[in-house]
Amino acid sequence: MDSSTEPDLIYAFEPRWPAAMALLAVGGLHAALPRDVATGPRWFVLCLVTMLLIPTYAAYKRGNFELNHRLALLVNGSVTISMIWSLILLVMALPTHKESPGALLRSAGALWVTNILVFASWYWRLDAGGPHRRDVRPGHPDGAFLFPQMTLSDEDKISCDAVNWSPGFVDYLFLAFNTSTALSPTDVPVLSRWAKGLMMVQSSISLAIIALLAARAVNILK
């Protein structure tokens, strides 16, 4: 069945604004990067995200969920490429000493936060077919991640008011935050191969940024 014609069920749709705000925050963080670290003009990513989110939201409101999903993947892909390129520029900027130590540290911190927001958006967008498919089914019986609520017995789900529980953006944001800090999942095991691959990429980016922060901190103390 075409996802654009799926009937709305009685389950309330999760608000999309947290995911949209996360992507806009990525654009804002990019705008705060130094010129030598930013991907193109510093305002470019924020404008690109804004321009792509408008048709993405319009497709969702019109019920064209397939187009909404494809446009959202385009937004996520764009900010991911921008983040990785900015990280490369940051690495290249270290030996040139064009930027002050404080600017480099702020850039690394901004990219670390960006890494969390970008991969939270990926997990939210891809898990169990995406947010729309999660919304039109009762509960969350399966997916790429094994959330604690999914392991509860039927009696525990009733007592915890989690019978029709489904993960929201904050749940994926928490997962992405733990992946960037612990460099591994904590309370949410990873079941799918694509999710394991994405987590490996996120952990590698986070590790590279943390290593840059540590190296610069040591140089500043010398």
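## A loop residue

A128 lies in the loop between α4 (101–126) and α5 (131–135), where helices are DSSP runs of H or I with at least four residues, numbered from the N terminus. The phi of A128 is near 55°, a positive value in a residue other than glycine. Most residues other than glycine have a negative phi.

## Basis of the model

This is a predicted model, in which local features need pLDDT of at least 70 and side-chain atom pairs count only at pLDDT 80 or more, while totals for chains, interfaces and linings use all residues. Residues are numbered from 1 along each chain as its sequence is written, and side-chain values use heavy atoms, with hydrogens and water left out.

## Helices α1 and α2

Helix α1 (residues 17–31) packs against helix α2 (residues 44–61) at an angle of about 160°, and their axes are 7 Å apart; axes are lines fitted to C-alpha atoms over the stretch in contact, and angles run from 0 to 180 degrees between N-to-C directions. The two helices are therefore roughly antiparallel, a term for angles over 145 degrees.

On the α1 side the contact (heavy atoms within 4.5 Å) involves A20, L23, L24, G27, G28 and H30, and on the α2 side V45, L46, V49, T50 and L53.

## Salt bridges

The whole structure holds two salt bridges, each a side-chain nitrogen of Lys or Arg within 4 Å of a carboxyl oxygen of Asp or Glu. One of them joins E66 and R70, whose closest N and O atoms are 3.1 Å apart. Because E66 and R70 are four residues apart in helix α3, about one helical turn separates them.

Technical notes:
Angles under 35 degrees count as roughly parallel, over 145 as roughly antiparallel, 65 to 115 as roughly perpendicular and the rest as oblique.
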